[in-house]
Amino acid sequence: MIDSDWTRGCGGGIYRADLWFGGLVFTKILVPLDGSQLAEYALRHAVHLAQIFHARLVLLQVLEPSADMDGGKLIDPLSWQIQKAEADVYLRGLETMLAEDGLDVEYQILEGRAPEAIVQFAQNSAVDLVVLCSHGKSGLSRWDVSSVVSKVAEKIYLPLLVVRAYLALDDPAGVVRYEKILLPFDLSKRAECSLPVAISIAEADESEVLLAHVLRRPEVMPSIPESNELNRLADEFAAASGSAYTAYLEEVTGRIPVKSSARLLQNDSIPRAIHELVEQEGADLLVFCAHGQSGQAEWPYGSVSLNYLEHGSRHVLILQDIPHTLVRPTRVELAAARYGSRG
């Protein structure tokens, strides 16, 4: 019997019970926009998921005041009202277009710093999923995600889909369909939270689900006298683990009601193995649980999901298993709350 939506998981971590039991259903999807065509690429994906999960779409635009050389805010009342009017016309037009297609949609205009406004609005508005484009009106850059996306991802503590903006340039038609969905899997019950969502998307798109687990051989330092014996034991452990993990993956894929397969990889670097597999298999979407077996609640993402969020080449959906209400503020957040923001 589960008494609440939040409980303790393996390793003492916090997890969302509804991610494990019965799956996660998105009912309200937030799409932050900035008026650019790049940012609108995320809207295509949000619409696709809204149709799959019968969710309500919320379009959001945050208007930020300009800053002068000394850091002060330059706000001309007339130009500010013009900006707000333009944003209203822009969002109203999208709302009308989407409503005509049968979608349940609304829009909001906020003022302030975009990352803070997006995070606060999402956490206070019963949002189930945030869909962000990796780049917006500032354009593509050497960085894999914009500063806004990076800041929102760090503090949002909600399921997050990051859409790679540059992939829109290769797909001008704008048809969204995920033909192959990759689930990096650490074989923990916690990681299985990604299965229900991936299956729902795969059923709608008639696509394939690929499970992948990376097996790391125990590290042995060659400089110690016992290295030969430890290497023998490490090889035995890797072989036994490989057999057991293969059986487990076959059992899981046998329960998946769509086309599915599994790959057991051996690599010293889990992130590198996942990046290589994505390119080999041509995956369209990766679905992670934010944390795996370790379940470290001190950080918003585990090392593997964070690596792909920041450096991946495909769209990535990360299901957050830690609620923002249980996250302890950092020392800088406490200082900002006490002394105020000082630019």
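A disulfide is taken here as a pair of cysteine sulfur atoms within 2.5 Å, and by this rule the count comes to 0 disulfides. The structure is a predicted model, in which local features need pLDDT of at least 70 and side-chain atom pairs count only at pLDDT 80 or more, while totals for chains, interfaces and linings use all residues. Residues are numbered from 1 along each chain as its sequence is written, and side-chain values use heavy atoms, with hydrogens and water left out.

The protein chain holds 10 helices and 14 strands, where helices (H or I, at least four residues) and strands (E, at least two) are DSSP runs numbered from the N terminus. Of its 343 residues, 47% count as buried, a word that stands for under 20% relative accessible area, with exposed meaning over 50% and partly exposed the range in between (1.4 Å probe, protein chains only).

Ten strands form an open sheet with mixed pairing, in the order β7-β4-β3-β8-β9-β14-β13-β10-β11-β12; two strands pair if DSSP finds at least two bridges between them. Because β7 (105-111) and β12 (260-266) stand at the edges with a single partner strand each, one side of each is left without a neighbour in the sheet. On average, neighbouring strands are turned by 20° against each other, direction ignored. Axes here are lines fitted to C-alpha atoms, for helices over the stretch in contact, and angles run from 0 to 180 degrees between N-to-C directions. Helix α3 (residues 77-100) packs on the sheet, where it touches β3 (28-33), β4 (56-63) and β7, and its direction makes about 165° with that of β7.

Strand β8 (residues 129-133) is joined to β9 by 4 bridges in a parallel arrangement, and V130 has L160 of β9 as its bridge partner. Between β9 and β14 there are 3 bridges, and these two strands run antiparallel; here V162 is partnered by V316 of β14. In a regular strand the side chains alternate between the two faces of the sheet. Both faces of β9 are covered, with L160 and V162 buried on one side and L161 and V163 buried on the other. Strand β13 has 5 of its 5 residues buried: L285, V287 and C289 lie on one side, and L286 and F288 on the other. C289 has a relative accessible area of 8%, and C133 is likewise buried, at 7%. Strand β13 runs parallel to β14, with 5 bridges between them and V287 opposite L317. Strand β10 (residues 180-184) is also parallel to β13, through 2 bridges, and L182 stands opposite L286. Helix α9 (residues 303-311) lies across β9 (160-163), β13 (285-289) and β14 (315-319), running at about 150° to β13.

Attention now turns to the nonpolar cores, each a set of buried Ala, Val, Leu, Ile, Met, Phe, Trp, Tyr and Cys residues joined through side-chain atoms within 4.5 Å. In soluble globular proteins, nonpolar side chains tend to be buried together. The largest core has 58 residues, and I29, L57, L59 and I201 have the most contacts inside it. Helix α2 (residues 37-53) gives the most to this core, with 11 residues. A second, separate core of 39 residues includes L132, A153, L160 and I318.

Helix α2 also packs with helix α6 (residues 194-205), at an angle of about 95° and with their axes 10 Å apart. That makes α2 roughly perpendicular to α6, a description used for angles of 65 to 115 degrees, whereas under 35 counts as roughly parallel, over 145 as roughly antiparallel and the rest as oblique. H48, L49, I52 and F53 of α2 meet V197, S200, I201, A204 and D205 of α6 in this contact. Leaving aside residues up to four places away in sequence, I201 touches L49, I52, F53, Y178, I181, S207, L285 and L317.

Finally, L94 in helix α3 counts as buried at 8% relative accessibility. With residues up to four places away not counted, L94 touches L33, L43 and L59. L94 and L43 are 51 residues apart along the chain, and their C-alpha atoms are separated by 9.8 Å.

Conventions:
Contact means heavy atoms within 4.5 Å.
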